[in-house]
Amino acid sequence: MSANLNRSSVDKFRPAAVLRDRIQIDLDARALARFCPTEVALLANPKVALAQLRKAVEPLLDKARHVERMAQLREEHQQRKDFVESCLNADPGMVPVHWGVAFREIAAALPGNAAVVDELASFYGQLPKVIGFREPDSYFTSVDSLGWGVPAALGVAMGRPDKATVALLGDGGAMFCIQALWSAARYRVPIVFVLFNNGGFGSMRGLFSYYGQAVGAPMDAADCAVYDIGELSFAALAESFGLIARRIGNAAAIRPTLEEMIDLRKPALIELMVSPEGAGLNEMTAAFFT
Ligand SMILES: Cc1ncc(C[n+]2csc(CCOP(=O)(O)OP(=O)(O)O)c2C)c(N)n1
C-alpha cells in the first residue's frame, strides 16, 4: 500500500495545542506528567480539586473577560464534538472502513460486561471519548510502549473471566508482540482481537509527513513508504496460530462479526481493513486532543 500524504489533514494538526496544558490533576500518581509536559502536577480527586481551584481563582478574574472566554471555549468544544460526531457518522459505505464508523459499530456491538484493551496508537488513549466506559475494569490502555496490547489482553481476560475481553490493536503495534496470539490459542483464552489494518505505522507516517512539511523538506509519498508494513494477512497468521479468524473490509460486517466472535468465547481475531486516512495525526486525532 502506498503512503498517503494528506496535506490538508496534517496542516490542521496543531502540536502546540497538545503541549499547552501545563497543569495536570489526576488521582493516579503514575499518570502525572506521564503523557505531556506538566508544570503543576496535582494528585487529587479532579472534582474536588477543580472546585477548590475555582474558589481560589474566581476573585482574581476579570468578569467580562471570563464570560467572553467561557463562551469561546464552549463554542470550540461544541465544534470539536460536532466534528467527532461527523467522523462517527462518516460514509458507512466507505471501503476500506473509516475509523469513525468502525468505532461506532464496535461500540454498538460491545456487551455491557466488555473489558476493552486499547492499543490504537493513532488515538493515543482517546477512545473513551468515543466509547463511553462506565464500569470499573472496562477499559485498559497503554499506547506509549507498543507490544503491550496483545499480552495485556491475555492478562485482562484471565484476571476477569466474567468479562468479554475485546482488544483493539493497530497492525504495527501488534507486530511488536504478535506471538502472544499463539499463547491465547494455546491456553484457550477467550479474547476477540480486533486488528485495525491500515497497512502500516500510520502515526509515524503522519508525524514524519507533518514535520517534513513544517520544515519545508522536499518530500513525496515515496518518502513515507518506509512506514508501510506491506500486504500481510493477519487473519491468515492468526489462523495459523490456532485462532478463529476473519478479515472484513466493510462497516456493515463489523457489528454482526464482533457479536458472533464474542459469543464464541474462544480466542478469535477480526482483521478490520481501515482507511490509511483517519490514522496518524489527522483532524480527528487533533479534535480529541485539543
Ligand atoms: C516499543 C515502541 N516502539 C516504537 C514506538 C513508536 N510508535 C508510536 S506509534 C507507532 C506506529 C504504530 O502503528 P500501528 O499500531 O499500526 O497504529 P497506527 O499508527 O497505524 O494507528 C510507533 C512505531 C512505540 N510507541 N513503542
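This is a predicted model: local features need pLDDT of at least 70, side-chain atom pairs count only at pLDDT 80 or more; totals for chains, interfaces and linings use all residues.

User: You mentioned helix 4. Is it buried or in the open?
Analyst: Helix 4 lies largely in the open, because the number buried among its 26 residues is one.

User: What span should helix 4 have, and how far apart are its ends?
Analyst: Helix 4 covers residues 63-88, and at 1.5 Å a residue those 26 residues should span 38 Å. The C-alpha atoms at its ends are 37 Å apart, which agrees.

User: Let me zoom out. How many helices and strands are there?
Analyst: The protein has twelve helices and eight strands.

User: What share of the residues counts as buried?
Analyst: Out of 290 residues, 36% count as buried.

User: OK, strands now. How many residues of strand 3 are buried?
Analyst: Six of its six residues, so strand 3 (residues 114-119) is mostly covered by the cut-off of 20 or more other C-beta atoms within 10 Å. Both faces are covered too: Ala114, Val116 and Asp118 are buried on one side, and Ala115, Val117 and Glu119 on the other.

User: Why do the residues split into two sides like that?
Analyst: In a regular strand, side chains alternate between the two faces of the sheet.

User: Which strands pair with strand 3?
Analyst: Strand 5 (residues 164-170) runs parallel to strand 3 and is joined to it by six bridges. Strand 4 (residues 139-141) also pairs with strand 3 in the parallel sense, over three bridges.

User: Who stands opposite whom there?
Analyst: Ala115 is opposite Thr165 in strand 5, and Val117 is opposite Ala167 in that strand. On the strand 4 side, the bridge partner of Val117 is Phe140.

User: Is strand 5 covered or open?
Analyst: Mostly covered, with seven of its seven residues buried. Ala164, Val166, Leu168 and Gly170 are buried on one face, while Thr165, Ala167 and Leu169 are buried on the other.

User: What about strand 5 and strand 6, how do they pair?
Analyst: Strand 5 and strand 6 (residues 191-197) pair in the parallel sense over six bridges. Thr165 stands opposite Ile191 in strand 6.

User: Moving on to the nonpolar core. Which residues touch the most other members?
Analyst: Val194 and Leu269 do, in the largest nonpolar core, which holds 56 residues.

User: What does Val194 touch?
Analyst: Leaving out residues up to four places away in sequence, Val194 touches Ile106, Val166, Ala167, Leu168, Leu258, Ile270 and Leu272.

User: Now the ligand. Which residues come nearest?
Analyst: There are 18 residues around the ligand, and Ser122, Gly170, Gly172, Gly173 and Gly202 come nearest.

User: Which helices supply at least two residues of that shell?
Analyst: Helix 7 (171-174) and helix 9 (202-214) each do.

User: Last topic: what is phi for Ala33?
Analyst: Phi of Ala33 is near 60 degrees, a positive value in a residue other than glycine. Ala33 sits in the loop between strand 1 (23-26) and strand 2 (40-43).

User: Which residues does Ala33 touch?
Analyst: Not counting residues up to four places away in sequence, Ala33 touches Gln24, Thr38 and Ala41. Ala33 is partly exposed, having 14 other C-beta atoms within 10 Å.

User: And Arg265, what's phi there?
Analyst: Arg265 has a positive phi of about 55 degrees, although it is not a glycine. The loop between helix 11 (254-264) and strand 8 (268-273) holds Arg265. Arg265 is partly exposed, with 13 other C-beta atoms within 10 Å.

Methods: Residues are numbered from 1 along each chain as its sequence is written. A nonpolar core is a set of buried Ala, Val, Leu, Ile, Met, Phe, Trp, Tyr and Cys residues joined through C-beta atoms within 7 Å. A residue is buried if 20 or more other C-beta atoms lie within 10 Å of its own, exposed if 12 or fewer, and partly exposed in between; C-beta atoms are placed from the backbone. Two residues are in contact if their C-beta atoms, placed from the backbone, lie within 7 Å. Helices (H or I, at least four residues) and strands (E, at least two) are DSSP runs, numbered from the N terminus. The expected span of a helix is 1.5 Å times one less than its number of residues. A residue is near a molecule or strand if its C-beta atom, placed from the backbone, lies within 6 Å of it. Two strands pair if DSSP finds at least two bridges between them.
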